[in-house]
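Q: I would like to learn how to read the features of a protein model, one at a time. Can we go through this example together?
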Amino acid sequence: MKIEEITQQTLNKLNSMPADKLIKWAFENFRERAAIGTSFQLTGTVILDLASRHVKKFRVFTIDTLRLHPETYHAIKASEKKYGLTIERFMPNNDTLRNMLDRFGEYLFFTDKAKQEYCCFVRKVEPNKRALKTLDVWITGLRKDQSDYRKAVPKASIIEDDGKKILKLAPLADWNMDKIWEYIRGNNLPYNKLFDMGYDSIGCIICSTPLVKGELPRSGRWRWFSKEDDKKECGIHTNTIKN
Ligand code: SF4
């Protein structure tokens with residue numbers, strides 16, 4: 001199938017599919033032009049497992065910002081071992097990273113929102129754009145209940161990245177944490193151990209912190225910024241959340 005062949009009718013059909021069928025549909029129709037993008041949150045753990053049950057061979061990529069927690073690197077290795085696959089790693093461009101560090105230092109994200117977004121662009125968004133250039137279908141772990149900003153996320157939508165059309169999927173958009181834990185525990189899956197330490201959303205060291213009871217899942221991100229900033233996004237998904 002080609003991305004140009006996806007009609008509104010197809011999108012409607014995809015939006016009503018359960019997670020396993022949606023993942024299966026993506027790999028059957030787009031094969032190596034489909035890939036799961038995961039930062040080893042719990043949703044990614046579930047999506048990998050669902051894919052392994054319905055598809056023989058499937059692509060997975062991750063953005064290695066070079067500032068991930070040791071527990072996240074461990075989760076990457078554990079998944080590679082369990083599913084017998086090599087997870088593609090997209091990292092920051094060396095020269096761009098060096099330039100940023102020389103100008104602003106390693107901890108520029110504390111200074112202000114613009115510098116945090118710049119750091120996220122260099123370490124996450126640009127490598128993610130490189131990953132997107134290699135595919136037509138991007139399978140993500142976005143969920144509606146992660147934040148107010150994400151509550152409208154559809155299961156299937158066509159997005160554009162640098163002029164390229166991509167089918168973006170969020171198979172677990174309507175799952176909640178209880179359902180995710182039930183799946184992970186029920187199937188004894190290896191998961192990122194930061195989730196046993198109070199974390200509910202995981203990015204880089206320092207920029208992700210454990211939650212206080214009652215907080216929304218992404219409240220632990222960039223905790224030093226205003227509470228009114230409920231967006232809490234690194235930029236990978238900001239131009240793509242729409243209904
Ligand atoms: S989460 Fe923090 S360290 Fe990681 S890319 Fe964003 S600002 Fe930089």
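Q: Where in the chain is D162 found?
A: This is a predicted model. In it, D162 sits in the loop that joins β5 (156–161) to β6 (164–169).

Q: What is the phi of D162?
A: As a general idea, most residues other than glycine have a negative phi. D162 is not a glycine, yet its phi is positive, about 50 degrees.

Q: What can be said of the phi of I206, and where is its place?
A: I206 is not a glycine either, and its phi is positive at about 75 degrees. I206 belongs to the segment after α7. With 15 other C-beta atoms within 10 Å, I206 is partly exposed.

Q: Which residues does Y191 touch, not counting residues up to four places away in sequence?
A: Y191 touches L42, T45, A75 and I184. Y191 lies in the segment after α7 (177–186). It has 21 other C-beta atoms within 10 Å, so Y191 is buried. Y191 and H74 are 117 residues apart along the chain, but their C-alpha atoms are separated by 9.2 Å.

Q: Where is L50 found, and is it buried or exposed?
A: L50 is part of helix α3 (residues 42–54). L50 is buried, because 23 other C-beta atoms lie within 10 Å. Leaving out residues up to four places away in sequence, L50 touches A19, D20 and I23.

Q: How is a pair of packed helices described, and at what angle do α2 and α3 cross?
A: Two packed helices are described by the angle between their axes and the distance between the axes. Here the axes of α2 (residues 19–30) and α3 come within 9 Å and cross at roughly 65 degrees. The crossing of α2 past α3 is right-handed.

Q: Which residues of α2 and α3 meet?
A: From α2 there are A19, D20, I23, K24 and F27, and from α3 there are I47, L50, A51 and H54. By class, this contact has 6 nonpolar, 1 polar and 2 charged residues.

Q: Which residues surround the ligand?
A: The ligand is surrounded by T65, R67, F109, Q116, C119, C120, R123, K124, G203, C204, C207 and C234. This shell divides into 6 nonpolar, 3 polar and 3 charged residues.

Q: How many helices and strands does the whole protein have?
A: The protein has 7 helices and 6 strands. Its radius of gyration is 17 Å, close to the 18 Å that the globule rule gives for 243 residues, so the protein is as compact as a globular protein of that length. Of the 243 residues, 38% count as buried.

Q: What share of the contacts with a separation of 6 or more joins residues 24 or more positions apart?
A: Such pairs account for 72% of those contacts.

Notes: Residues are numbered from 1 along each chain as its sequence is written. This is a predicted model: local features need pLDDT of at least 70, side-chain atom pairs count only at pLDDT 80 or more; totals for chains, interfaces and linings use all residues. A residue is near a molecule or strand if its C-beta atom, placed from the backbone, lies within 6 Å of it. Ala, Val, Leu, Ile, Met, Phe, Trp, Tyr, Cys and Pro count as nonpolar, Asp, Glu, Lys and Arg as charged, and the others, Gly among them, as polar. Helices (H or I, at least four residues) and strands (E, at least two) are DSSP runs, numbered from the N terminus. The radius of gyration is taken over C-alpha atoms; the globule rule is 2.2 Å times the number of residues to the power 0.38. A residue is buried if 20 or more other C-beta atoms lie within 10 Å of its own, exposed if 12 or fewer, and partly exposed in between; C-beta atoms are placed from the backbone. Two residues are in contact if their C-beta atoms, placed from the backbone, lie within 7 Å. Axes are lines fitted to C-alpha atoms, for helices over the stretch in contact, and angles run from 0 to 180 degrees between N-to-C directions. A crossing is left-handed if the near helix is turned anticlockwise from the far one by less than a right angle, and right-handed if clockwise.
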